[in-house]
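I set out below my notebook entries on one multi-chain structure. The sequence and model come first, and my entries follow.

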Amino acid sequence: MSNRSPWFWLFLSPVVLSLLLVVVVPFVYGFIFSFTDWNGLVANSFVGFQNYVQLFQEAEFLNSIWFTVKFAVVTVLLLNAMGLGLALLVTRSIRSNNWLRTIFFMPNLIGGLILGFIWQFIFINVFSDIGNRIGSEALQGWLSTTSTGFWGLVILTAWQMAGYIMIIYIAYLENIPKELIEAAKIDGASSVQRFKNITFPLVAPAFTVSMFLTLSMGFKIYDQNLSLTNGGPFNSTQMVAMEIVRTAFSDNEMAYAQAKAVIFFLIVAVIALTQVFYNKKREVEM
Amino acid sequence: MKKKGAALVSVLFAGVLAGCSFGAGSSSESSEDATTIEIFQGKVEFNDQFEELAEKYEEENPEVDIKITSVGGGSDYAGSLKTKFASGDEPEIFSIAGPTEAANYEEYLADLSDTELADLALEGTLNPVTKDGELHGLPFNQEGYGLIYNKDMFKEAGIDPSEILTYEDLEKAVQTLDSQKDELGIETVFAFPAKEKWVPGNHLSNVYLAPEFNHMVMEAYKAEGVQFERNKEFKRMIDLQNDYSIQPTLSLDYSQQVEQYFSLQEVAIIQQGNWVYPSVEQMDSDFAKEGMGILPIPVDGEEGKLPVGVPNYWAVNNNSDDETIQAAKDFLDWMYTSDVGKDYVLNEFKFIPAYEGYNTDEISDPLSKEIYQYASEDQTTGWVFLGYPGTWGDYVGSNVQKYIDGEMTWDELVEDSKQEWTRMDQ
Amino acid sequence: MGRSKERRNLLGLEVFGIILGLVWLAPFYLMIVNAFKTKREIFSGVLGLPEMFTIENFIQAFEELTFLKSLFNSILISTLSIAVIILFSSMAAYALNRNKSKLSGVFFFVFVAAMLIPFQSVMIPLISMFGSVNMLNAPGLIFMYLGFGCSLSIFLYHGALTGIPKALDEAAIIDGANRFQLFWYVIFPLLKPISVTVAILNVIWIWNDYLLPSLVLGESNATIPLKMFYFFGQYTKQWHLALAGLSIAVIPVIIFYFFAQKQIINGVSEGAVK
């Protein structure tokens, strides 16, 4: 199919059209609008970098970035530790391993919005009930402070996504030749040594894959944030994605929200490009 | 096999094409000459009863077809309305809340001054929706809020609610209640839902800002800034409710406040309005009928006045043809002036009417009755919060949360909220 | 000796795994158990079993969510979007894969690069653009899903197509088939495994998506996630109904999961590792 073949264009046109209208044009428009006083309907004038200057002075926006960064870092570490742990567990020859895979993965299929509501019930009602029974103050008033809101989001995300990361690690673990492990056993390597010298190096690529996956996911999280804490208390648990939606559709400050969205894009793009760069480098080394 | 595949593709395409019509399909079902009136409104609580009433109207007027969509509860009415207009599927009648929303939809609002209701509406209720001699909305109903208290507990503790006028009176009563917690069988005096930004941010702030704007929504709406002269009074009321509340207040929500703690009689006082009645009734109908009274929130120099206002207005879309606009107006007139309509308004919707011509003895719940009493004696302050710029009420509510959490001092709260008003007003 | 120690370890792991599995399921258990309680019972305790299993909540939630209608909307939007994504992405990937020109490379790069753009960065102009041409409706939404979903799908198809020899194409052309016939009867069937992966990855996302449909769809076309806010209002947080509603929303997904478990896990693992 050459460039001149009508078939080439015919096959390509539906997706090109949709990508153009849904992603490319809005993206370019958005970038331009972020330099105007656009209100969703009309843009009266260019305001230069005013929106950007303003957003770097807005405590709430900066706070949402910082909160998101903390959240992303903690969930990346936790998710990878849990994902690897679960994967190691269910790849052992225990009888329940298929059932466990099914169970651990299950939360992934259900939307973040629904899970957020379920966990809201757990953190508020169930925790305080348990707290009353065992007389623990620490279980009272969850989601009412910034830190319990933070850990609530981390726990929800870890529970939801660990099964997904587990699947990635399983894919790599099952590629490790059994003979290699057996041979090491015969040579008298302890299980710790086997893990450190055989398993770990062979699943290292999985670590890169899932680290970047979880990192960009952590940055983009919205549904869970909305249904679990709704940003509260006082918008202190509001992450960047939600901050942008709020600015746009509750406060109706479209151009300003779009400027935030551009900054958001830059952050996500840097993460993704680092991954591409890192992968390239690793491929060269190998 | 091959045939099957091709058939599948054509089915898919047919589906896509068919899909094109199901977005806008709903309005054209009825017969040619019927006038369809689509009503889009934000008060979900009375949806079922409202639909019943609409059916009665359709029986009397077979040429009219009424379709009601209620959005609210959790979904955001303002957003849904915006989407509805943006998608071109405009309703004929929709609800708007106060002058801020009226301004957003100004180009769509038909003049309603030729309706019967325009003459019957209680004095002052139309001000927020009148502009340049045109009337843009008709009130749903009146609502009022204050401190709802448990009558039996007050009696048991020897407190006469009619003697509570000033802040000091209230403070003393609260201390009395607090000292007798065990005898009264309560956990504490208040349930203060600081989690709900609107409770401190809109309702409570309102009583301290109303004097500043002469109790007029429109003055607040037009004001470019706010002085917050009575912020100290605002503060001590928050402190009082917060100090004597179930803790932590930052996680206490409306449902817990009303249904769990107040209805089950674990606290003595809550700051809420007559809208709690159905919820309390659902939990304990005897208590709802007999056990609740309402007091004004004390404001220096404004003692004994309850904030009463119109939370929602009916608006008619002027983008329809004249016939439809007239049909929409006729329906609204009928709803509030016919005998069937009046019966529904009072007994089924449980509204406090905002129109003349009602037998107010029939108001069914005691809270509404008391509030109506305040209104008819002119012992009311305005609902100026409906004229706050943008989402300023939420903003203040969020600052109150910071204050309670210790993140922000009171002076910072006042300064920051004042600045935000000016910023949002631009 | 080593054997029995290993067996004991395995037994320990087994027990640990089962406990962990139960912990994992606890949120679902708590959701379902409390969905059978009355409002009053929830206020007095959430850990125990209900005094009396009442299905009242489920009936009411079912009605208030207009569940059959929202389920229908969800199914319609998901299946149509996925059908469109599969068909058009596989066609495009095929065109790109069988054309080695620079231009083709540029297109492929653009598609992949578009994956970098988070939804929020295009959301505002997108909604405004589609709103101005009255396309904030179900067909508009399906078109948007094609735009957002085609990048990853093309990427996956492109990879799979590399493994299908060109000789097949040539043979079909000699037999007198045109390009579309060739694609539809020869190539597309061979892509079936990857189509399953594409379908699964997209259905998980589209079925659960909240933000985009909330901005696009009106009340009458609401999908299941949009309805979930019904019980969480300013004035109404009704846990007994909400939990019943959430249970009802979760059930179709779990049923789907048990029927297509293997394909789902394989699909996800393939989508993630590539």
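Among contacts in chain A between residues at least 6 apart in sequence, what percentage join residues at least 24 apart? I found 71%, with two residues counted as in contact if their C-beta atoms, placed from the backbone, lie within 7 Å.

**Conventions.** I note that this is a predicted model, in which local features need pLDDT of at least 70, side-chain atom pairs count only at pLDDT 80 or more, and totals for chains, interfaces and linings use all residues. Residues are numbered from 1 along each chain as its sequence is written, while chains are lettered from A and ligands numbered from 1 in the order in which they are written.

**Entry 1: chain A.** I counted 11 helices and 0 strands in chain A; helices (H or I, at least four residues) and strands (E, at least two) are DSSP runs, numbered from the N terminus. The C-alpha atoms of chain A fill a box of roughly 75 × 70 × 30 Å along the principal axes. Of its 286 residues, 48% count as buried. A residue is buried if 20 or more other C-beta atoms lie within 10 Å of its own, exposed if 12 or fewer, and partly exposed in between, the C-beta atoms being placed from the backbone.

I then consulted UniProt, where an unreviewed entry lists "transmembrane region" for several spans of chain A, including residues 103-128 and 148-172. UniProt positions are given in the numbering used here, feature names are shortened, and annotations may be inferred rather than shown by experiment. In the model, residues 103-128 of chain A are 77% helix and 0% strand, with end C-alpha atoms 26 Å apart. Residues 148-172 of chain A are 100% helix and 0% strand, and their end C-alpha atoms lie 35 Å apart.

**Entry 2: contacts with chain A.** I found 66 residues of chain C in contact with 70 residues of chain A. On the chain C side, α1(C) gives the largest share, 11 residues. That side divides into 50 nonpolar, 13 polar and 3 charged residues. Here Ala, Val, Leu, Ile, Met, Phe, Trp, Tyr, Cys and Pro count as nonpolar, Asp, Glu, Lys and Arg as charged, and the others, Gly among them, as polar.

**Entry 3: the five-strand sheet of chain B.** I traced 5 strands forming an open sheet in the order β2-β1-β3-β11-β6 of chain B, with mixed pairing. Strands β2 (64-70) and β6 (138-139) of chain B stand at the edges, each with a single partner strand, so one side of each is left without a neighbour in the sheet. Two strands pair if DSSP finds at least two bridges between them. Strand β1 (residues 35-41) of chain B pairs with β2(B) in the parallel sense over 7 bridges, and T35(B) has V64(B) as its bridge partner in β2(B).

**Entry 4: strand β10 of chain B.** Is strand β10 (residues 306-309) of chain B covered or uncovered on its faces? Both faces are covered: L306(B) and V308(B) on one side, and P307(B) and G309(B) on the other, are all buried. Strand β7 (residues 143-150) of chain B pairs with β10(B) in the antiparallel sense over 2 bridges, and V308(B) is the bridge partner of G144(B). Strand β12 (residues 380-381) of chain B runs parallel to β10(B), joined by 2 bridges, with T381(B) as the partner of P307(B).
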